[in-house]
Amino acid sequence: MGKYRINGLRRLEGTLQVQGSKNAALPILAAALLVPESTVHNCPELSDVEAAVHILEELGCRCHREGGSVTVTAGECLNSSIPEALMREMRSSVVFLGAMIARCGRARISLPGGCELGPRPIDMHLSGLQKLGVTVLDDRGYLDCRAANGLHGARIALPFPSVGATENIMIAASVAKGMTEIHNAAREPEISNLADFLNAAGARVQIALDGTVYVEGVPKLHACEYAVIPDRIAAATYLCAAAATGSRLQLAGINPIHLTACIPLYEEAGCTLRMEKNSLELYAPASLKALRMVRTMPYPGFPTDAQAPFMAMCCLAKGTSVFVENIFENRYKHAGELSRMGAQIKLEGRVAVVEGAARLHGARVECTDLRGGAALVIAALAAEGETVIDEIRHLERGYEALERNLCALGADIKKLENGEDFC
């Protein structure tokens with residue numbers, strides 16, 4: 001349970017190579033259950049990825065990391081249940097459900113853990129899998145899922161473009177008999193990355209221009225190698241940090257198209273951006289302008305995961321910024337911690353109104369969740385004095401070497417383990 005100590009008011013400068021995407025790596029590692037041997041390149045070193053590897057090992061796989069690559073060898077005899085302790089380590093652990101049923105014919109899991117962002121019902125996951133031939137029994141807090149007669153294709157229309165449900169159905173359908181259609185599927189870049197991984201292993205997945213996913217089941221998948229896409233949320237976070245500190249930052253190894261919904265907001269705030277095929281450079285003004293309205297939406301709309309970093313950026317912007325959270329019910333926990341640093345934020349249900357403050361000041365604050373923790377880091381970098389951020393385990397779920405990256409750019413940030421002196 002470490003902490004960050006940050007001394008603010010230091011400008012960032014330099015070039016940063018963006019990590020691989022957490023949200024792309026996790027479903028790909030789950031899909032690796034169906035592949036005899038797969039090597040996943042650009043796989044970030046994160047506690048959530050480590051938890052996924054532990055789940056794979058518990059299920060009978062052999063996993064080996066070498067640098068940024070993880071090789072998974074799926075054994076002949078796999079377990080069909082995940083211990084509750086492992087399920088609680090990360091909220092997205094439910095993405096293993098479709099792969100386990102497809103490989104073992106059954107799966108027994110408890111409800112997942114992770115950040116408390118309000119209800120994330122898995123009804124859409126279960127409903128989609130049931131249409132593929134899965135029976136689901138709720139056994140005192142555990143889900144016992146079976147496909148006694150195997151999996152078969154189906155036409156599935158999701159009531160909401162759920163990323164996790166789309167991934168679970170895609171993975172299971174890749175080795176089901178017949179054709180599966182997923183209508184109103186999620187359209188995030190991570191979905192396309194998963195489809196490309198499955199296709200590299202011999203699956204037949206196509207994504208139409210309207211976003212419909214077509215999966216023609218094959219008898220089995222074969223060995224493959226594949227690279228995870230860059231992390232668009234990590235990229236947005238570092239850009240917010242640069243904007244809040246009046247800095248210049250170049251991001252390398254990214255796909256600017258994945259940030260299409262974010263780029264206009266940086267420009268609205270007064271930043272200048274220069275984009276090339278695999279890089280993006282941001283020049284921040286001396287004083288940021290407020291953002292009139294930021295609404296979180298499914299991709300290609302503004303991502304809910306970027307809401308907290310942008311809110312931190314707006315805490316020092318001139319004027320009033322308004323945020324509307326349309327994805328999760330409880331995603332403003334960081335607002336109270338930002339207020340301890342002098343931010344002026346008013347909450348009303350799903351709406352947050354941010355009045356730009358003349359300055360922020362250091363304080364002792366606590367990470368409330370992964371992206372809320374990133375917001376606190378951004379605010380601390382732009383604040384006067386010293387900030388101590390507790391519970392950084394949340395940040396380690398999604399940001400690889402955060403303090404080392406920021407130090408390399410000129411920040412004064414140090415990770416301290418519990419018991420270390422802050423004097």
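1. Thr 39 counts as buried because its relative accessibility is 13%, where buried means under 20% relative accessible area with a 1.4 Å probe and protein chains only. This residue of the predicted model sits in strand β3, residues 37-41, a strand being a DSSP run of E with at least two residues and a helix a run of H or I with at least four, both numbered from the N terminus.

2. The side chains of Thr 39 and Thr 71 are joined by a polar contact of 3.0 Å, that is, a pair of N or O atoms within 3.5 Å, one able to donate a hydrogen and the other to accept it, with residues adjacent in sequence counting only if both atoms are side-chain atoms. Beyond its neighbours within four places in sequence, Thr 39 is in contact with residues including Ser 69, Val 70 and Tyr 226, contact meaning heavy atoms within 4.5 Å.

3. Helix α1, residues 22-31, is largely enclosed by the rest of the structure, because nine of its 10 residues are buried. Among them are Lys 22, Leu 26 and Ile 28, and at the N-terminal end of α1 Ser 21 forms a cap, with a side-chain oxygen 3.3 Å from the backbone nitrogen of Asn 23.

4. Residues are numbered from 1 along each chain as its sequence is written, and side-chain values use heavy atoms, with hydrogens and water left out.

Methods. Predicted model: local features only at pLDDT ≥ 70, side-chain atom pairs only at ≥ 80, totals over all residues. Buried < 20%, exposed > 50% of the residue type's maximum accessible area, 1.4 Å probe, protein only.
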